[in-house]
Amino acid sequence: MKICDIRATTVSMPLEAPLRHSNGAHWGRFVRTIVEVETDDGYVGLGEMGGGGESAELGIRALKPYVLGHDPRDLEALPLKLANPTASLYNNRMQMVAAIEFACLDIVGQHWSCPVYQILGGKLRDRIPFASYLFYRYPNAAGEGEVRTVEQLVEHASALKTAHGFQTHKLKGGVFPPRYELESYRALVEAFPNDQFRWDPNAAWSVADSLEMAHAIAGLPNDYLEDPTWGLNGMRQVREKTPLLLATNTVIVNREHLVANLRDPAVDVILLDTTFWGGIRACLKAATICEAFQVPIGVHSSGELGIQLATMLHLGAVLPNLTFAADAHYHHLQDDVLAGGKLQYEAGSMAVPDGPGLGVTLDRDRLKYYAECYRTLGGYPYDRDPGRPAWYPLLPNLNWANPTNEAVPVIPSLPAWTAEPEEVES
Ligand code: MG
């Protein structure tokens with residue numbers, strides 16, 4: 001079994017409404033690259049990575065000399081071939097390595113007629129609980145879906161809880177002044193007294209603001225405070241003066257960072273992202289180190305469609321030390337590129353796919369449609385706020401969006417795919 005081709009297709013997937021974060025926004029859509037790896041005996045494996053466009057597709061095609069002829073079952077060799085730690089100083093291939101690893105695992109699972117979780121050691125749970133992942137949002141092109149006020153946020157969380165059954169809520173902050181967001185966070189706790197909470201301002205706060213917010217929420221049912229401030233030393237300063245657990249998906253994204261943190265702790269909870277870490281197996285290896293040191297872990301979301309979501313589900317299934325609900329942006333999507341559309345939540349959790357490989361199937365009609373959406377709308381600058389075009393954040397940020405009086409941008413979007421009506425023969 002040898003890899004004989006790799007393909008990359010950029011897609012734009014519409015969101016319910018533009019999602020705001022500390023650096024800017026997701027402008028009403030996610031741009032993702034769907035990667036397909038084909039073998040000489042007819043298997044096609046699926047991968048996915050963030051971003052897209054000509055450069056991303058070219059980047060994947062440029063890896064052909066490295067992977068053509070490679071046996072997808074040789075999973076240990078793959079990252080060494082593609083992203084040797086020292087050679088990688090000259091390139092930045094981690095997301096591509098991850099996408100190709102997902103596809104190879106998918107192929108191996110299809111070939112061995114078993115789900116990816118069995119390749120990884122076998123599942124310990126059938127379902128993965130998820131957090132609601134709440135964002136402040138701009139209204140969509142129809143003028144709907146805004147989340148700016150405390151009341152709008154609680155209403156939005158309530159609707160998501162009713163629809164999907166979430167029992168953990170994550171507030172993506174770092175948009176408005178910390179004390180304004182604190183009001184929102186407290187209102188969520190009051191609205192859902194039996195649930196768990198986490199807050200992630202994407203490293204936008206100063207150490208002083210982080211400490212003020214950490215002390216303000218101490219005593220609430222917090223899972224953890226995620227990346228309140230930037231850098232290991234900033235996090236360490238906060239950690240030393242608060243009883244809250246601090247989590248990160250930003251400053252510990254490889255084993256070298258992890259070991260540095262074990263020797264001189266700055267973070268308590270390591271959030272493992274199958275993309276940022278370079279694959280499912282890299283996350284599993286990190287989780288094993290954390291298990292030995294009794295360092296808590298979580299499954300992180302970097303803005304996935306269903307293929308990457310499947311990698312998160314298979315990872316979550318095999319981690320003995322997964323004690324927190326996972327994160328996903330997935331419920332903000334209007335559709336997916338998978339056959340049958342979006343995977344479904346039930347009681348705040350999602351079933352781990354049991355089919356061979358990743359257990360998900362690409363819908364070619366949807367892929368074609370969302371690739372056309374990308375060609376029509378193009379990319380968007382993730383690190384720019386469409387409501388404040390000239391603004392960029394300082395680190396720590398000092399110039400927050402105005403929660404009571406701000407420009408509302410008009411952001412173009414395209415509708416979700418709908419099946420062509422079947423022709424009826426008379
Ligand atoms: Mg985060």
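A salt bridge is taken here as a side-chain nitrogen of Lys or Arg within 4 Å of a carboxyl oxygen of Asp or Glu. The structure is a predicted model, in which local features need pLDDT of at least 70 and side-chain atom pairs count only at pLDDT 80 or more, whereas totals for chains, interfaces and linings use all residues. Residues are numbered from 1 along each chain as its sequence is written, and side-chain values use heavy atoms, with hydrogens and water left out.

By the salt-bridge rule, the count comes to 29. A network of such bridges links Lys170, Lys172, Arg198, Asp200, Asp223, Glu226 and Asp327. Within this group, the side chains of Lys170 and Glu226 meet at 2.9 Å, N to O. This pair links distant parts of the chain, with Lys170 in strand β8 (residues 168–172) and Glu226 in strand β10 (residues 222–226), 56 residues apart; strands (E, at least two residues) and helices (H or I, at least four) are DSSP runs numbered from the N terminus. Both Lys170 and Glu226 are buried, a term that stands for under 20% relative accessible area, with exposed meaning over 50% and partly exposed in between (1.4 Å probe, protein chains only).

A further salt bridge joins the side chains of Glu76 and Arg281 at 2.8 Å, N to O. Because Glu76 lies in the loop between α2 (64–67) and α3 (77–82) and Arg281 in helix α11 (residues 280–293), the pair ties together parts that are 205 residues apart in sequence. Glu76 is partly exposed, with a relative accessible area of 40%, and Arg281 is likewise partly exposed, at 23%. In the bridge between Asp71 and Arg73, the closest N and O atoms are 2.8 Å apart; Asp71 is buried at 12% relative accessible area, while Arg73 counts as partly exposed at 33%.

Thr33, which lies in strand β4 (residues 29–39), is buried, with a relative accessible area of 0%. A polar atom of the Thr33 side chain lies 2.7 Å from the backbone oxygen of Gly51. Leaving aside residues up to four places away in sequence, Thr33 touches Ala8, Thr9, Thr10, Gly47, Glu48, Met49, Gly51, Gly52 and Ala56, where contact means heavy atoms within 4.5 Å.

Leu398, by contrast, counts as exposed at 66% relative accessibility and is found in the segment after α13 (364–377).

Note on methods: Polar contact = N/O pair within 3.5 Å; in protein donor to acceptor, adjacent residues only side chain to side chain.
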